[in-house]
Amino acid sequence: MLLQRQYRLPNCTLRIEGLSSPHQGGEQLDVVTVCECDIAGQSTGLKGGKEFLVALLNSVPAAAQTWLSGVKLRRSPQREIQVEAQGFNQVALRIPGHLVDSPQEWVELRLTWLQLADLVEALDQFCSDSQTLPTFTPTFQSLPRRAIAPAVPLRRQLTPLGIGAASLAVMAAIFFHLPVPERRPDEPTPTPLQQQTNPPSQN
């Protein structure tokens, strides 16, 4: 039995068509055959199969969560669909052509942040729908520590060390040119015999 699910938001509509299993009463969509994504203001509609849906789920929410968390990465992770922020209020979505049945190698859309947010919300609604691919769960992987850029740049971290080393070098140069202090000869101390020979006072 052919079923269709639709997740509609103001700037994005996600439609999923598929087949239901005869053992589930005909209400549960178990096999995806078509996945369509229409974004308001875009002349190019995106249409693919299950591979396109899986690539969307593994790429778009992860990129949005990375931006919202404020965590800076050393380099963007390699995902099948590339999501890249470009300037103010613009995000580039680059999709391999074979995922959306396009003769082009890449299909690129430029979205606003609002359009991207609606796309993420539509994918979230799909994931929380228990009647559509209930056995499918998107894969989330934690980032390794080496993939996260340090909060303080390395240059700023090394600045105090550089200032300290320069100060030590300057002080060493100054002390090198100072004359070596001479040792004064010890003054002779009066012996007890000399003290006794001193003439007594007249008073």
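This report describes the strands and helices of a predicted model.

**Sheet**

Three strands make up an open sheet, ordered β5-β6-β7, with antiparallel pairing. Strands β5 and β7 (106-111) lie at the edges, each pairing on one side only. From one strand to the next, the twist averages 20 degrees.

Strand β5 (residues 82-85) and strand β6 (residues 91-96) run antiparallel and are joined by four bridges. Within this pair, valine 83 has leucine 93 of β6 as its bridge partner, and glutamine 82 stands opposite arginine 94 in β6. The hairpin of β5 and β6 has five residues between the strands, and glycine 87 in this hairpin adopts a positive phi near 70 degrees.

**Helices packed on the sheet**

Two helices are set against the strands, as tabulated below.

| Helix | Residues | Strands involved | Angle |
|---|---|---|---|
| α1 | residues 50-69 | touches β5 and β6 | about 25 degrees with β5 |
| α2 | residues 113-128 | lies across β5, β6 and β7 | about 110 degrees to β7 |

Helix α1 packs on the sheet through contacts with β5 and β6. Helix α2, in turn, lies across β5, β6 and β7.

**Helix α3**

Helix α3 (residues 154-177) comprises 24 residues. From its first C-alpha to its last, α3 reaches 35 Å, close to the 34 Å expected at 1.5 Å a residue. At proline 160, α3 bends by about 30 degrees.

Technical notes:
Residues are numbered from 1 along each chain as its sequence is written. This is a predicted model: local features need pLDDT of at least 70, side-chain atom pairs count only at pLDDT 80 or more; totals for chains, interfaces and linings use all residues. Side-chain values use heavy atoms; hydrogens and water are left out. Two strands pair if DSSP finds at least two bridges between them. The expected span of a helix is 1.5 Å times one less than its number of residues. The bend at a residue is the angle between axes fitted to the seven residues ending there and the seven starting there. Axes are lines fitted to C-alpha atoms, for helices over the stretch in contact, and angles run from 0 to 180 degrees between N-to-C directions. Contact means heavy atoms within 4.5 Å.
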